[in-house]
Amino acid sequence: MLAVLSVLCLHLCSPVCGVFQKLYCSISDSCECDFKPNIRDLEWDLYKNVYGQHLAQDIVSEEVARFLQNKSPERPLVLSFHGSSGTGKTLVSSILVNHLYGSAMSSPFVHTFVPALHFPSSDRVQQYREELKRWVLGNLTQCARSVFLFEEMEKMPPGVIDILEPFLGPSHVVFRTNYRKAIYVFIGTTGEEVIHREVLESRQAGLDREEIQWADFQDAIAQAAYNSSASGFFRSSVISQKLVSRFVPFLPLSRRHVERCAQSQLCQRGSCGRGDVVASVGGDMTYDPVPGHYFSTTGCKTVPAKINLFL
């Protein structure tokens, strides 16, 4: 079938070929969707450039590798990133896309949704649902390996995301489109209190950070997202139907992680030897809780601005 479509494209006029190309792309791994996954480089990039997030590093690399090894997956890969600001959620999503597509975030097959821009009003949920459905369906028709990123899920009007339920489940035919090879990533801060509490309790119990396990968070994060009215997952069927492949916790960062961020930023600017700036940046951050001051309240988010201050 795929070979026939390829031959037809060589002999038919451009408009007709475009139709066949879309069909070919929706059922084939080898269409020109710019999809060029490199799992080894993805793993290396995550471990080299993401600090203090052993769980996210392991989960993302393992889940993506497993998903791509299956040439006929039963459902899309759905990852939900949770954690406080500045802990690396957006960075990890960017690294993921960089190693899936040759043109990275500029690929026309990578789609980013920001609530403030795309879904700003809670009074227009039905309109947003219809628009999102059309957008996802149209882009999956263009490329079955599309990636959809949903940022700031804590600002997403509840109910919008539920329109994706048919695309995220194990059904074999949805709107006559091959949708099972897509990747969805939801990014938000919901559940950060659960994550902070678990990390703090582990620290107080004398456990090393790397001893914290993913199983300690999965159900708690799912419940926090489902029950929070300040979450795009509030009472969502996406959670109740267990359509999220993995909830990925991003742990709060300590001073040593912040200083590693600062060191990396300085090296990118050609100033690797400025240990004084690294120490100043780490010391100028705000840390909590008040007894202990273990975790940076802004993660690494304000590191570039702090470097400009001390450099």
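Which residue in β4 is the bridge partner of V147? The partner is I183.

The model is a predicted one, in which local features need pLDDT of at least 70 and side-chain atom pairs count only at pLDDT 80 or more, while totals for chains, interfaces and linings use all residues. Residues are numbered from 1 along each chain as its sequence is written, and side-chain values use heavy atoms, with hydrogens and water left out.

**The sheet**

Strands (E, at least two residues) and helices (H or I, at least four) are DSSP runs numbered from the N terminus. Five strands form an open sheet in the order β2-β3-β4-β1-β5, with parallel pairing; two strands pair if DSSP finds at least two bridges between them. At the edges stand β2 (110–113) and β5 (246–250), each with a single partner strand, so one side of each has no neighbour in the sheet. From one strand to the next, the twist averages 15 degrees. Strands β3 (residues 147–150) and β4 (residues 183–188) run parallel and are joined by four bridges.

**Helices on the sheet**

Angles run from 0 to 180 degrees between N-to-C directions, and axes are lines fitted to C-alpha atoms, for helices over the stretch in contact. Contact means heavy atoms within 4.5 Å.

| Helix | Strands | Angle |
|---|---|---|
| α7 (residues 125–142) | lies across β2, β3 and β4 | about 150 degrees to β3 |
| α10 (residues 218–227) | touches β1 (77–83) and β5 | about 95 degrees with β5 |

**The α3 and α4 pair**

Helix α3 (residues 39–49) packs with helix α4 (residues 54–69) at an angle of about 170 degrees, and their axes are 10 Å apart. The two helices are therefore roughly antiparallel to each other, a term for angles over 145 degrees. On the α3 side, I39, L42, E43, L46 and Y47 meet Q57, D58, V60, S61, V64, A65 and L68 in α4. Eight nonpolar, two polar and two charged residues make up this contact. Ala, Val, Leu, Ile, Met, Phe, Trp, Tyr, Cys and Pro count as nonpolar, Asp, Glu, Lys and Arg as charged, and the others, Gly among them, as polar.

**The largest pocket**

The largest pocket has a volume of about 630 Å³. A pocket is an open set of points on a 1 Å grid over the protein atoms alone, where a 1.4 Å probe fits, with protein on both sides within 12 Å along at least five of seven lines; lining residues have an atom within 4 Å of a point. The volume is the space filled by probe spheres set on the points, which are joined across faces, edges and corners. Of the 25 lining residues, G86, G88, K89, T90 and L91 lie nearest the centre of the pocket. At least two lining residues come from each of α5 (89–98), β4, α12 (255–268) and α14 (303–310), with α12 giving the largest share, four residues. The lining divides into nine nonpolar, eleven polar and five charged residues.

Technical notes
Parallel < 35°, antiparallel > 145°, perpendicular 65-115°, else oblique.
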